[in-house]
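Please read it alongside the model.

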Amino acid sequence: MLTALKEIINPNTIINYDTASNVLKLKEEGIDSKVAVLHISHIPKDALAFTLDHQPKKDAQKYKQLSLYVSSTNNTGVNKGCDLIVLWQENKKNKALVFDLKSDRPKASATEKQLNNSELFLNYLISMAKEHYGKSNGIFEINKAIVTTNPRGVNKRATYQPNTQQINRHSYKVQNVNPSSSRSAKISFRQLVTV
């Protein structure tokens with residue numbers, strides 16, 4: 001299944017990592033990002049990593065949306081993609097991590113929509129592998145997670161606000177990191193996935 005997906009996914013979006021040390025360097029290009037490089041250790045052996053947030057300096061317009069068949073001006077979230085998807089096999093089971101890096105104040109509803117939209121797109125890719133490559137083992141256990149620089153987590157308020165809409169925060173993991181002065185941080189892959 002991973003071989004088929006690697007053939008389907010645009011090679012420009014694949015994130016190569018150090019297979020000897022199993023460390024992936026996720027780079028965040030945004031000038032307002034508190035973490036420019038996130039070092040993710042313990043990446044599973046033979047994993048496939050790619051981004052749905054590819055932002056090349058050349059041809060940036062091509063990657064503004066997840067599909068050219070979706071309106072690029074739609075602002076409801078259909079074009080939102082996450083920073084990283086990792087696919088791997090463990091005990092003969094297909095697994096996936098849908099992941100995004102957030103800075104200080106991630107909004108729970110927008111974050112959930114972004115992760116869910118990325119999961120939908122991943123399921124589309126898996127469906128294509130099943131259809132065009134005859135892959136019948138296309139069931140993936142999908143984990144979703146974010147890393148934030150906010151030590152309080154996602155949308156945690158200091159005071160009770162009864163009229164504020166509550167979001168089910170249990171659909172994805174939230175981990176906190178403290179960036180260094182060089183805007184880098186470290187986290188273990190194991191902290192991002194459900195064991």
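1. In this predicted model, 42% of the 195 residues in the protein are buried. The protein exposes about 11900 Å², and carbon and sulfur atoms supply 48% of that area.

2. The secondary structure consists of two helices and eight strands. Along the sequence these elements follow the pattern α-β-β-β-β-β-α-β-β-β. Of the contacts between residues at least 6 apart in sequence, 71% join residues at least 24 apart.

3. In soluble globular proteins, nonpolar side chains tend to be buried together. Here, the largest nonpolar core comprises 25 residues. Those with the most contacts inside this core are L5, F50, I85, L87, L122 and F140. Two or more residues each come from α1 (2-8), β3 (48-50), β4 (84-90), β5 (93-102), α2 (108-133) and β6 (140-148). The element that gives the most is α2, with seven residues.

4. Which residues does L122 touch, leaving aside those up to four places away in sequence? The partners of L122 are F50, I85, L87, A96, V98 and I142. L122 is also one of the residues with the most contacts inside the largest core, as are its partners F50, I85 and L87.

Methods: Residues are numbered from 1 along each chain as its sequence is written. This is a predicted model: local features need pLDDT of at least 70, side-chain atom pairs count only at pLDDT 80 or more; totals for chains, interfaces and linings use all residues. Side-chain values use heavy atoms; hydrogens and water are left out. Helices (H or I, at least four residues) and strands (E, at least two) are DSSP runs, numbered from the N terminus. Buried means under 20% relative accessible area, exposed over 50%, partly exposed in between (1.4 Å probe, protein chains only). Contact means heavy atoms within 4.5 Å. Accessible areas come from the Shrake-Rupley method with a 1.4 Å probe; for residues, only the protein chains shown count as cover. A nonpolar core is a set of buried Ala, Val, Leu, Ile, Met, Phe, Trp, Tyr and Cys residues joined through side-chain atoms within 4.5 Å.
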